[in-house]
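Please keep the sequence and the model in view while reading.

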Amino acid sequence: MFCATAVARKLFKSVVGGNQPQSLHVTLIEGQGMGPVVCTAVKKIFEAALVPVQWDSQTLKVYREPKTNRMTINPEVLSSVAKTGLVLRAQDSTMGQNEMQSSDSLALNKALNAFIGVRKFESVEGHQPYGPVKLVNIRDNVSGEYSEIEHLVAPGIYNIIFYSVTDRRSKSSDGSLRTGIVQSIKMVSMKSSLAVAEMAFKYATENGHSQITALHKANVMRLSDGLFLKACRDVSVCYPNVVYKEEKLDSFCLHVTSEPKLYDELLTTSEPNRYDVLLTTSLYGAFVGAVCGVMSGGMATVPAAAYGPKVAVFSTVSDYGYSNYCRSKDNCVVSRTQDDLEPIVNPTGIIRAAAWMLDHAGMAVAGRRITAAVDKTIKDGVRTRDMGGQASCAEFTDAIIANLDCLMSEGGECVESGEGGECD
């Protein structure tokens with residue numbers, strides 16, 4: 001029985017990291033908008049944690065390669081990553097305003113061959129709007145619907161893309177809108193599917209997860225999703241200690257939104273801890289990220305990683321989506337008032353991603369201390385407005401550093417103070 005691909009074996013070695021380096025070299029992509037602000041928070045926390053890091057700051061530029069007509073990135077970033085092998089990237093909060101704009105994340109992942117993505121969704125005591133949530137999504141990053149293979153079959157489609165709804169109606173007399181046809185190809189290969197599945201099962205085994213659920217729509221896309229499921233089943237045979245399940249994507253979305261408190265001990269269901277690790281293709285992973293990100297405390301709190309044979313990219317799922325929303329006192333998400341011009345900046349996701357990067361790079365003690373300091377800060381009630389608090393990014397960062405100092409003072413444990421054992 002074929003149990004693993006050579007690519008997956010090599011990849012997982014990069015995922016689990018190696019020995020602790022004397023100094024960490026990281027390619028830093030701050031982006032624009034709120035990106036530099038949250039990256040400043042990471043730098044301050046690393047300095048307080050005495051992390052020996054050298055940042056190579058780079059500006060990501062995405063452009064269309066004339067020969068292949070595909071999106072690619074500037075050679076300066078490629079050169080830097082070839083030397084460091086590590087990337088910390090803040091999502092650009094100025095991106096996403098134009099619905100037709102190319103994805104910088106997709107271009108970066110393809111250029112670096114970071115074809116497997118991992119996202120951690122974990123709510124923290126003190127901010128659990130939908131109850132305790134702890135899930136991991138492992139996904140294909142660059143193929144499937146993200147293959148970017150599209151064809152213009154019949155003229156007229158340009159009218160649909162570049163004209164407003166009003167313009168479309170006024171220009172439909174020539175029939176061009178009715179004849180506009182495009183074709184988008186969902187490309188799935190056994191090789192890449194095996195690598196993603198192998199990565200998922202190895203990750204589950206090494207990190208104490210007991211169950212993997214593959215999400216699919218094989219009832220509609222029988223060949224493409226069917227091939228992906230075939231790869232998952234083949235790999236699952238080699239991991240008898242991990243429970244393997246399959247579920248349709250729409251069924252999953254229904255279950256997690258109708259029974260959001262997935263890990264609440266008071267919730268009586270026939271299947272406690274129904275989900276653990278979610279294994280998906282590219283687009284389905286985006287849907288999972290949106291649903292689970294909100295349920296675990298907000299998209300800006302979710303760390304993400306993209307792995308390739310020679311690189312690991314750490315970032316957040318999203319941050320610009322939360323700049324226009326905050327959480328009210330009764331824990332409801334509401335729009336910011338128009339006279340509220342102060343942006344909401346939440347560095348939680350990028351700080352968690354940076355701590356994850358340290359764990360990957362062999363600096364597990366420092367990474368876990370930073371994560372513990374973030375969790376304690378939220379538990380103590382110091383939160384940004386999108387998490388129901390009033391703290392600014394700077395205040396939130398300072399509180400994390402104070403808790404970090406406390407953790408470091410006793411080699412990882414807080415100094416006991418009275419009966420609570422809390423930091424002073």
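This is a predicted model: local features need pLDDT of at least 70, side-chain atom pairs count only at pLDDT 80 or more; totals for chains, interfaces and linings use all residues.

## Cysteines

The model contains zero disulfides. A disulfide is a covalent bond between the sulfur atoms of two cysteines. For cysteine 253, the closest cysteine sulfur belongs to cysteine 292 and lies 8.0 Å away. Because a disulfide requires sulfur atoms within 2.5 Å, that separation is too far for a bond.

Two cysteines may also be described by their accessibility. Cysteine 39 has a relative accessible area of 2% and is buried, whereas cysteine 253, at 23%, counts as partly exposed.

## Helices α2 and α14

Helix α2 spans residues 35–48 and helix α14 spans residues 393–409. Their axes come within 10 Å and cross at roughly 20°. Since angles under 35 degrees count as roughly parallel, α2 is described as roughly parallel to α14. On the α2 side, the contact is made by Val37, Ala41, Lys44, Ile45 and Ala48. The α14 side contributes Cys393, Thr397, Asp398, Ile400, Ile401, Leu404, Asp405 and Met408. The crossing of α2 past α14 is right-handed.

## Helix α4 and its ends

Helix α4 covers residues 104–112, and its buried residues are Asp104, Leu106, Ala107, Leu108, Asn109 and Leu112. At the start of this helix, a side-chain oxygen of serine 103 comes to within 3.4 Å of the backbone nitrogen of serine 105. Just after α4, asparagine 113 adopts a positive phi of about 60°.

## Serine 143

Serine 143 is located in the loop that joins β7 (134–140) to β8 (144–154). With 13% relative accessibility, serine 143 counts as buried, because the limit for that class is under 20%.

The side chain of serine 143 forms a polar contact of 2.5 Å with the side chain of aspartate 140. Leaving aside residues up to four places away in sequence, serine 143 touches Met187, Ser192 and Ser282.

## Phenylalanine 201

Phenylalanine 201 belongs to helix α8, which comprises residues 190–206. The relative accessible area of phenylalanine 201 is 0%, and the residue is buried.

Which residues does phenylalanine 201 touch, not counting those up to four places away in sequence? They are Ile212, Cys232, Val235, Ser236, Tyr239, Val242 and Tyr244. For one of these, serine 236, the C-alpha atom is separated from that of phenylalanine 201 by 7.3 Å, although the two residues are 35 residues apart along the chain.

Note on methods. Residues are numbered from 1 along each chain as its sequence is written. Side-chain values use heavy atoms; hydrogens and water are left out. Buried means under 20% relative accessible area, exposed over 50%, partly exposed in between (1.4 Å probe, protein chains only). Helices (H or I, at least four residues) and strands (E, at least two) are DSSP runs, numbered from the N terminus. A polar contact is a pair of N or O atoms within 3.5 Å; within protein, one must be able to donate a hydrogen and the other to accept it, and residues adjacent in sequence count only if both atoms are side-chain atoms. Axes are lines fitted to C-alpha atoms, for helices over the stretch in contact, and angles run from 0 to 180 degrees between N-to-C directions. Angles under 35 degrees count as roughly parallel, over 145 as roughly antiparallel, 65 to 115 as roughly perpendicular and the rest as oblique. A crossing is left-handed if the near helix is turned anticlockwise from the far one by less than a right angle, and right-handed if clockwise. Contact means heavy atoms within 4.5 Å.
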